[in-house]
Amino acid sequence: MSDKYNFIAPAIVKVLVVPINNCTKANFTRYLQLLHSNVSEVRLLDITPNSDLSHFNPASFPNGRIFIEFTTTTIDQESIFLHDFEPFRKTFIVIAVGTYSEELNAQQHLDAIKTRFPTTIMANSIMFDTPSVQVESLNKLNPDVFYHDGTTNKLTALETIFCDICGNFLNELDSYASSFANITLRSPVSITDSHVLTKAINKAQKRISLGGSTSFKVSFNGNSAPTSMETKSKTHLRHLGRQRKLMGNFYLLSGKYHDALQSFIEGLQALRKCDDYLWLASALEGMAVSIVLLQFIGSQYTLPSQILCPILQVTKSKMNSLSDPTLSPRKSSIDSQSSKITTNLSPRTSFSGATNGFTLNSLTSTPDLNTVALPELLNVVMSRALSFYDLSTNDFEDMVPDIVYVESILRNIRLMIGFHLSNGEMASTDLENIIRGKKTESATYQGYFYRSDILAEIDKIFQLQLVDLPIIDQCRIYSVLASMYSDLGMMRKRAFILRTLLVGLLPDLEKQSSTTTPGQIQSIREIVDFLFVLYGINSEPEVSAEAASFQSQSNWPALQIQFLKLCMKIGENINDKEFLLKLCTLLLTRYTHNLPEDDQIRLKEKVESLIFQSTIDKLSLSVPYWDPFMVRRAKFVNSKQRDELIPFNEYLENGVSQESTDSFFDPYQKTVEVSVFEKDKLLIKDDVNHLKITLQNPFAFEIEINDLEIATEGDVQVETIKSLIRAINPSPSQQQSLNNTIRASSMTKVRGLTKKASPVNSTSPNNFSSSSSQTSSVMVVPPNSTEQFLVAFRALHVGQLKIIGFRASIGPCKPQFFPIVDKELYAKSVKITDHSISEVPNTLDKVIANLKNASIESRATTRKLVLNVISRQPTLTLTDTSVTNGWIMLLDGEKFDFSIRLTNHSPVTINYLSFSFWDSTIEPLNNKLNSAGVQNTLDAAEMYEIEWALVKFKPFRIVNKDEIAEKYKTIGPGDDIEIDYEVTGRKGMDLSKIILDYAHKNSDDIPNSFVKHIHIPLNISVMPAIEVVGCDILPLFASSLQGLDVTYQHNPGNLNQVLQFISGLIESKKDVSDYCLFIIDLRNSWTDKLRINLKYSDSVEFEINDSIVPDKTSRFLIPIKRIKPNEIDFTKPIPSLRNRQFVKNYNLTEEAEKLMQKLFWLRDHILLKLSGSWSGSDDARHGTIDLRPLRLTAKNSSILVYDNILINHSICDESDTPLEKQGTQYCLQADEFYILKTTIVNNSESPITGIIRHLPIPRSITSSIHPTSVSFKAQLSIDRKILFNGVLQNKISDVPLQPGAKLELELSFVIIERGEFEWATVLEVLAPESAHYVGHEPTYIMAI
Amino acid sequence: MSSYYLAIIGTRDNPIYELEFASFKNTTILSSPSTPNTPPPIPGKARFAPNVKELLPFIANSSLDLIEDAQFTSNQLNLGKIDTFYGISINAFITPGNIKFVLCYDGNVKEENSIRSFFNEINELYVKTLLNPFYAVNDAIISPEFDLKVKQLARKYL
């Protein structure tokens, strides 16, 4: 279809197509389509020559063409006043189309049409769908009525018809043109109001003079100055000029371009002389059109440079710049092309050379226009035409009408764009594109004119007050400008123009809101959608992280919001509620952060009122909620009951894992994930549970959540108990947590747009109290804050429950799904935007769909709340206990019996029960042990003690274990169980617990069985009773008896018993030195007298029964048989009861370690055999004595254990008869010979060698009480008192003494000085290792 | 006294700084012919008509097309006057980093030189901003210092 602003529009004949004979709409459009597709131009060659015609005989110029444009709109009455000035505006031909019918009188219709459209000069009709056989015969009947069979197979049929129509047209045009011959042509003046017409251009003129920015305001006084010509001849010239110009226009229409060019040039000559600028400009324009068309049809023509150059103000220098090949590279390219396209460019030059040869001479003053390239020439012509139009505004009478001026500019721009987009080759295809208004695909920059030149032309339009033009014209101009910008690839300019168009439409839309058709609304929406894309409103920050970061960083919210507001106005004017709702949604979703509070509130109110109205109008409009990130957190609230549940598997594992905590860390051990269920994610079917959810409200208004439902995934369903939903009192910190809120689009920090978070005083008393106290389902989130709610729900099935979000309806919005938002995603964004628009998506529908689907996966991560629903579990509760109030007082070591009774209160049978205990001493001990392991502060023996207290000591014991096992296989619903306990008091115990683990164990489904426990607390206070204060071990000799008598006379204790025991030993000829004396001090810390019983059960049992008065310490002696070295293995390491990792302590020397081991095992030995108990005076209380505090020293151990090597002495007289001891000593005669026999027994495991040293010392010295008064004699050396036969120091033997062997050494001696002596012997062992051994019992000698 | 609208536009058509202001010069000359009804103009305060003020971002946005066109035809950073719209002229400057300075002004300012100097100084300010390690390209410039200095430059040159 041809374009109103095509450059060759002045050469296009307008044809109005009207339906006749009850033509249906479908048929009419079909016929119109046929016309459009087949006919756009008619060559004069094809038209029957008609020599009768004075002007328009087609035969005279067979190359010419008549361009036809079909319109269906009625004739524009507004522009009628222009028809005489620009006849191409006139609709000359009316063609009536209709379906053929036999009885149709076509002529009658034609007459009616002629009266209907009086301004047209001819009316013809085409009857379609005529039977093919009749076409030819019918066509001959009436020259004004044509018949066509309506098929497309005879392509030429329509063209033939149009040739005839054009023949008719030329006939009529001839007479029409002739009618102008004697008329004085006047400049067009609006019939209605001449003032209106000129106003716009006046303003424009004013602006131009003010701004002075237009390029064409060149003064040409020399030309425009009034000449001395006579006024009459001037009038004549004007008349002639105008006539020629008008004829030129008619020639253009009739396709006779040579004649047109000639007429225009003649007109120009005349008009220039009389300064008739308006007609001059029009003639120039017509000339330009003629040139283009002549070039297009390849006809030769010559421009009279001498006439034109002054008019065009082309000087020689300017000419040079236009035609110089070096200055104008495009020209050179044309020249190089000219050889190829000889028909296009060369004719002008050659022709002018022939006719106007002398003008080619460079000396002549007038340059040759024919050498100028076509685009440059046209540019010069058109710019002159426009400047003449501009000049005409000085003359009120002959002022250019706005519409003429504007359209002229637009046509010129169109031409320039055509050249700009052409390949620069000036090929006929380029011209055809210009003429047919087609676009070339390859928009290279090879073409003529810079874009800036074209834009400068477009600027001229903006210097006019387009607002004053009729709205239709405005729309046309804006849309053609938009299409021009789009041709130039200037999308933003295009957007701007379209926006201006929308603004321009706004007032009229309001006026015509009732009459707007859906089609119009649709087109407006399309424009709006297109602009959304251009202004970046289509980015989707609510669903795409990239878009969000993009929007936060690179956006023009001010622009976007303004545009959206404009759209809203449009929506209001066309009363499109749906459109408005979508706009509100878009604004609230994407631009909340940039909207002031009152705007947000207004938008919300708008939405509410629209929804309300739509329900009245039954339009059933709905909007989604604007913030898809409403649910920020959802947390399952644990109830106490659930803490007790342990999965059965885990429970079984626990027993093992507890042990292994102490074992050393094994990095290669695979940790098996046994815990299938997280304990805090368990809930019981049919129980009411709670979710704590955090909802955000980024808006400045408060949101009301009318309905909230938990949305799940999978088989397990939940029932949301709406009546129990309530708000959690917001703490101040939560109020300010808005910073964490994910906005649909992040904050933009463009100056002036940053919205300061206003202090939220949402806790206004009314609102607050209502939301917290209310248990109804209305939940309110205050503005700009988050609020927490407790949502009660009940799981309806057993299994895994996946909560994926919530379904909520908020305010006026439809119920909608909200996922649980976890984390916001960020995306690195691209730096450069791409303005290429691949497709124009429906932005508004998209935002609605995004919100409805809550498809925010790429914007934020969502989470699922996975909970495990289990079937109902048994409940065991304590119903009775024999301990009053759960409090008992015990003495240390006291044993106490009690019983508890438990009842199963659930409908589920308990088939698993296990017992454990806990008391308050465990933890400190554990801590001590653990810290000791780390800091190495305790030695192995001490650790063993702690471990013993933890492991071996049992404070509780079930007395009726067998009975329980027999009686209670299961505890049915409502059944009781009674358990008897014995508790033992221990120091430090103040709180203890009996822990019962029970379960309904389903053997088929162990992973889904859960163990619950019940804790029965027992408060115990333990008072001290009998305590071990100290202990010691003394050696026991036969001689010790007297000493003991003396020392312990004042303290009876059990001394007599011990003496009895020893004398018993002596009597039974046992060696007293095989025993030692164990001394233990016991203290009674209790307030009553306590009886004690100590028992040492060895080969011979020794028992002590005594009583201790309060606060007194008693010492008890227990004879203990000494331990032979091989009786106990002292080299065994100290064991660990908890399988602790052995850590070697390098701080201890080997000897110290050995000693420690030895002491440990000795103590162990004693504790094994020694036991003690106590009882109160009235037998009400009884208990054990804790003997663990016993500690042994190294000295104790050497007393308790025999040495490895024994040294014994015996003394014989000369005759080798052994002497008897008298009591504890030998009585020897002085100056007598005796033999001392020393027996060495090697009990060790290796042979020994060594040196024996005899150390006889006078006893008087050692036992002397007053050493100062010792006589001189006493101080004599031992050599002077005893004479030895041999040496006192000697190697024991040459061969090593084998293990178990016995060696007897002899030494004879004579005592020469009377007195008492003590004979000690030291064996110095040299091998295998150096050691000293001393005879266990010194030999005492009395010499008389 | 003419009014100005300065926008610094980032690489993604995003404004990183916007300012409306008016010339401080010639206040006395122009205030005298003003009718007694209109309040005397405040120096430095832009006096765009409300409908024009609304249009300014759109004008600046649409001029980007021309800037992008002009940057390949000129080797100067200062692109000079590139567009007009209903009496509002638009001057532009493009930094080597493809940041555009757009200055829209009404009426009759012909001092291309002062606008060029103004742009050059703004460019220096912008480069200084860019040197800030905490500033990323295309971020909005919110520094009050920058704002103040731009206003001082406006007072100096325009």
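Chain B contains four helices and five strands (DSSP runs, H or I of at least four residues for helices and E of at least two for strands, numbered from the N terminus). The model is predicted, with pLDDT of at least 70 needed for local features and 80 or more for side-chain atom pairs, whereas totals for chains, interfaces and linings use all residues. Residues are numbered from 1 along each chain as its sequence is written, chains are lettered from A and ligands numbered from 1 in the order in which they are written, and side-chain values use heavy atoms, without hydrogens and water.

Along the sequence, the elements of chain B follow the order β-β-α-α-β-β-β-α-α. Of its 158 residues, 54% are buried (under 20% relative accessible area, 1.4 Å probe, protein chains only).

In chain A, helices α23 (residues 577–591) and α24 (residues 597–616) pack at an angle of about 150 degrees, their axes lying 10 Å apart (lines fitted to C-alpha atoms over the stretch in contact, with angles from 0 to 180 degrees between N-to-C directions). α23(A) and α24(A) are therefore roughly antiparallel (angles over 145 degrees). From α23(A), residues including A:Leu580, A:Leu581 and A:Cys584 meet residues of α24(A), among them A:Leu603, A:Val607 and A:Leu610 (contact means heavy atoms within 4.5 Å). The residues of this contact comprise nine nonpolar, two polar and two charged (Ala, Val, Leu, Ile, Met, Phe, Trp, Tyr, Cys and Pro count as nonpolar, Asp, Glu, Lys and Arg as charged, and the others as polar).

How values were computed:
Angles under 35 degrees count as roughly parallel, over 145 as roughly antiparallel, 65 to 115 as roughly perpendicular and the rest as oblique. Buried means under 20% relative accessible area, exposed over 50%, partly exposed in between (1.4 Å probe, protein chains only).
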